[in-house]
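Trainee: I've got a new model open on my screen and I'd like to learn how to read it. Can you walk me through it?

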Amino acid sequence: MTALKLQNIRKAYGSIEVLHGIDLDVEPGEFVVLVGPSGCGKSTLLRMIAGLENISDGDLWIGGQLVNTLPAQKRNISMVFQSYALFPHMTVRGNIEFGPRIRREPGAQIEKRLMDAVTALNLGDYLDRYPRQLSGGQRQRVAMGRTIVRDSSLFLFDEPLSNLDAKLRVQMRAEIKALHQSLRSTIIYVTHDQVEAMTMADRIVVMNSGRIEQSGAPLELYDHPANRFVAGFLGSPAMSMLPASIYQENDKCWAQVSSGEKIALSGVCAEQGRKVDIGIRPEQFTIAQGEAGLPFIVGVVEPTGAETHLVGTIAQSKVHCVFRERVQAMPGSTIRLNVDPQHVHVFDTETGHRIRLRQATEVA
Ligand code: ADP
Ligand code: MG
């Protein structure tokens, strides 16, 4: 049985539709991250799952039960929001026990749930402290503790880390992932941060303007983005895009950029001269020897210690490369870059859809 099933879910505020038919199946124990730019409809979708927002059209099942009109408190769901409000006059213990006490659970059960949550979240030393005596990350963990003391079938998180500083976010990311690995609960996690999505998810669902663009395992989406939007959204620094046209010469397929240089592609081109965008990830460039390769005009050199980032242009398009080794390059100079044809992505200029070139080994 699926833990959650969305079928053609739509949401309209008045005459404005903000979700245009969302289909999604989530398996029990799965950690699904909904990611997309601000305003694409992530929170609205999560609030509909929680029952805090009504459904304009479509069907929503939780654990096999149709819940379209079931009130929020009957859905057996826990939700953590971006702004988590702890009770300031209650200790960590009081805050975490609050829900189970309200639900009049037996004392021994409350104590067990409290201790399980406190152990999972590493809050054992802070049980008697008040929220004002805790750091931002600790408060966030208490908010999470309040959520996991519930025996919920589904946990919903809406950008829970966005109020934390960068270092804490990285730490909490790992903690939430570890928590999921130990509890094996079903989680739907919303974020606009593609790094959070890549690092935490079993499965990423990329949303854009009220639609799902693509859904799949993080590296599957990274390596095989279905379109230009997903290609550009996942990965930091972003994939570079070069306008080009593709053509076949002898047995090889090439993309020619505006300055006339050619990039070898892996496969066979069906249509000569088709307008495309060539996508290359920053880590896929290598420095060419001699006169071979694409001329890259160096703009900015950013040594990070572990890597060297170069920002510049190829055929007037902005290109970002990352090298694991140290690179000596002068701004304004030209260096030549190679790319393995296997790692060149090709997108249709007009539709943005990925073009899959037929491989020579495939029979026509
Ligand atoms: P996200 O969480 O991805 O940033 P939201 O789900 O909050 O996006 O919003 C999606 C769209 O719906 C936005 O264009 C937003 O302006 C609109 N929206 C959200 N809530 C309301 C509302 N109560 N009334 C009208 N429009 C709304
Ligand atoms: Mg939101």
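Predicted model: local features only at pLDDT ≥ 70, side-chain atom pairs only at ≥ 80, totals over all residues.

Trainee: What are the spans of the C-alpha trace along its principal axes?

Mentor: They come to about 75 × 45 × 40 Å. The accessible surface of the chain is about 17900 Å², and carbon and sulfur atoms hold 50% of it.

Trainee: How many of the residues count as buried?

Mentor: For that label, a residue needs a relative accessible area under 20%. Here 48% of the 364 residues count as buried.

Trainee: Next, the cores. Which residues have the most contacts inside the largest nonpolar core?

Mentor: That core has 39 residues, and the ones with the most contacts inside it are Ile96, Tyr189 and Val206. A second, separate core has 31 residues, including Ile314, Val319, Ile335 and Val344.

Trainee: What is Tyr189 in contact with, leaving aside its neighbours within four places in sequence?

Mentor: Among its partners are Phe31, Val32, Val33 and Leu34. Phe157, Pro160, Leu161 and Ile176 are also in contact with Tyr189, as are Glu196 and Met200.

Trainee: On to the ligand. Which residues are around ligand 1?

Mentor: A residue makes the list if one of its heavy atoms lies within 4 Å. Around ligand 1 you'll find Tyr13, Val18, Pro37, Ser38, Gly39, Cys40, Gly41, Lys42, Ser43 and Thr44. By type, this shell has four nonpolar residues, five polar and one charged. Helix H1, residues 42-50, gives the most to the shell, with three residues.

Trainee: Where are the polar side-chain atoms relative to ligand 1?

Mentor: The side chain of Tyr13 has an N or O atom 3.3 Å from a nitrogen atom of ligand 1. For Lys42, a polar side-chain atom is 2.9 Å from a ligand oxygen, and the side chain of Ser43 places an N or O atom 2.8 Å from an oxygen of ligand 1. As for cover, ligand 1 taken alone exposes 570 Å², and the protein buries 55% of that.

Trainee: What should I look for in the backbone angles?

Mentor: Most residues other than glycine have a negative phi, and most peptide bonds are trans. Departures from that pattern deserve a look. In this model, the peptide bond from Ser236 to Pro237 is cis, with omega near -5 degrees. Pro237 sits in the loop between helix H8 (228-233) and strand S11 (240-249).

Trainee: Which residues other than glycine have a positive phi?

Mentor: Asn8 is one of them, with phi near 50 degrees, and it lies in strand S1, residues 4-13. Gln316 is another, at about 70 degrees, in the loop between strand S17 (308-314) and strand S18 (317-323).

Trainee: Is Gln316 buried or exposed?

Mentor: The cut-off for exposed is over 50%, so Gln316, with a relative accessible area of 75%, is exposed. Asn8 counts as partly exposed because its relative accessibility is 32%.

Terms used:
Residues numbered from 1 in each chain as written. Chains lettered and ligands numbered in written order. Heavy atoms only, no water. Polar contact = N/O pair within 3.5 Å; in protein donor to acceptor, adjacent residues only side chain to side chain. Areas by Shrake-Rupley, 256 points an atom, 1.4 Å probe, with all protein chains shown as cover. Helix = DSSP H or I, 4+ residues; strand = E, 2+ residues; numbered from the N terminus. Nonpolar A, V, L, I, M, F, W, Y, C, P; charged D, E, K, R; others polar. Core = buried A, V, L, I, M, F, W, Y, C linked by side-chain atoms within 4.5 Å. Buried < 20%, exposed > 50% of the residue type's maximum accessible area, 1.4 Å probe, protein only. Contact = heavy atoms within 4.5 Å.
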